Amino acid sequence: MSPAEVFVSRRGASIGFGRGLSIYQVGDFKTSDNVRLRYHVRGNGPPILACQGGPANISDTLANVLGPLEDAYTLVYHDYRGSGKSEVAPSATYTYERIADDLDELRVHLGYERVGVLAHSMGGFIGLNYALRHLESCAGMVLVGTTPTGKPGKIVGPALRALGLTRTAKALGMAVWYVAAWSWRSESKEKQSARYAAMAVTQEGLPAVRDKVKAANQGLPAPNDNVPQLEQMFARTDLTGRLHEIRCAALVLYGQRDAVMGAGGQMLMQGLPNAKRVCLPRIGHEPFIENPNEAFPPVREFLATLQY
């Protein structure tokens, strides 16, 4: 394990553990199966483990939009095994369960007894697995634009109903275009972008915010080693039958225009025994980018109720 770099700066008064001290820490640690993972810690106050979406993503993307929470909470990010600045691992370990265990090992490494979890998009599978596997350490969860299942038989019908005819036709057109123009080509960043284009249509915000979202996600998709395995797992994952086991408090937040994750959000509400829902009108898959003034207040209100 290489030593962490720690930077501490004085800020104004804030709620939480730090009493005005803000921490910025970058480091790495070795997991129990000897994989080096890169992490960074930012902010001040009770710890929140952040789970970015993906699979072709890195932790910096989510960190760049959650800055407004750093005055009252310590945000902990890490690049999943096989992604970003973390090490490549055996492909069999690229599972949501193993990444959830990595998350708990990072918690222990940093010395936190209990944590909150904030998970976005595919990161929801990791956050939900964390709560299922490490519930005693989970004070509560914020599930943003995510779903408990990626199985087509469960998610496609509700998503299409939420999408409407015009956007359904557009998404189907993008899917057909991918099959005809890209499916037969060797894997590349351009092919990944084409593969994700149909899903992006189901998630897009209003035209006025699309350039803003695109700029925030500049550099994606990332060429992560774990992409094939996590893509395949997405379509096989179904946690709906286990949601009742998650007793901690949860906030389910999603945009009205985020068709797949809106359908998933309703499933989360049906299964989680202690959950609150916030649906943001006229918002797509990136609420913290599209309209932070609406997205952050309910998150702050919820996090303030967690007991550490």
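A salt bridge is a side-chain nitrogen of Lys or Arg within 4 Å of a carboxyl oxygen of Asp or Glu. The structure is a predicted model, and the account below moves from its overall form to single residues.

## Overall form

The protein contains 11 helices and 9 strands. Its radius of gyration is 19 Å, close to the 19 Å given by the globule rule for 308 residues, so the protein is as compact as a globular protein of that length. The C-alpha trace spans about 55 × 40 × 40 Å along the principal axes.

Of the 308 residues, 55% count as buried. The accessible surface comes to about 13500 Å², and 55% of this area belongs to carbon and sulfur atoms. Among contacts between residues at least 6 apart in sequence, 73% join residues at least 24 apart.

## Salt bridges

The structure holds 19 salt bridges.

| D33 | R81 | 2.9 Å |

What does the salt bridge between D33 and R81 tie together? D33 lies in the loop between β2 (21-30) and β3 (36-43), and R81 in the loop between β5 (74-78) and α2 (96-110), so the pair ties together parts that are 48 residues apart in sequence. D33 is partly exposed, with a relative accessible area of 31%, while R81 is buried, with a relative accessible area of 0%. Both residues also belong to a network of salt bridges that links D33, R81, R98, D102 and E105.

D60 is partly exposed, with a relative accessible area of 22%. R38 has a relative accessibility of 11%; because buried means under 20%, R38 counts as buried.

Q203 has its place in helix α6 (residues 189-203) and counts as buried, at 14% relative accessibility. With neighbours within four places in sequence left aside, Q203 is in contact with R167, R257, D258, M261, G284 and H285.

N274 lies in the loop between α9 (259-271) and β9 (275-280). Its relative accessible area is 39%, and N274 is therefore partly exposed. With neighbours within four places in sequence again left aside, the contacts of N274 are R247, C248, A249 and A250. N274 and L106 are 168 residues apart in sequence, and their C-alpha atoms are 26 Å apart in space.

## Backbone features

Most residues other than glycine have a negative phi, and most peptide bonds are trans. Several places in this model depart from that pattern, and they are described in turn.

Which peptide bonds are cis? The bond from G54 to P55 is cis, with omega near 15 degrees, and P55 has its place in the loop between β4 (47-51) and α1. A cis peptide bond also joins L220 and P221, where omega is about 5 degrees. P221 lies in the loop between α7 (207-216) and α8 (227-236).

N34 has a positive phi of about 70 degrees although it is not a glycine. This residue lies in the loop between β2 and β3, the loop that also holds D33. N34 counts as exposed, at 54% relative accessibility.

S121, likewise not a glycine, has a positive phi of about 55 degrees. Its place is in the loop between β6 (115-120) and α3 (123-133). Is S121 buried or exposed? S121 is buried, with a relative accessible area of 10%.

Note on methods
Residues are numbered from 1 along each chain as its sequence is written. This is a predicted model: local features need pLDDT of at least 70, side-chain atom pairs count only at pLDDT 80 or more; totals for chains, interfaces and linings use all residues. Side-chain values use heavy atoms; hydrogens and water are left out. Helices (H or I, at least four residues) and strands (E, at least two) are DSSP runs, numbered from the N terminus. The radius of gyration is taken over C-alpha atoms; the globule rule is 2.2 Å times the number of residues to the power 0.38. Buried means under 20% relative accessible area, exposed over 50%, partly exposed in between (1.4 Å probe, protein chains only). Contact means heavy atoms within 4.5 Å. Accessible areas come from the Shrake-Rupley method with a 1.4 Å probe; for residues, only the protein chains shown count as cover.
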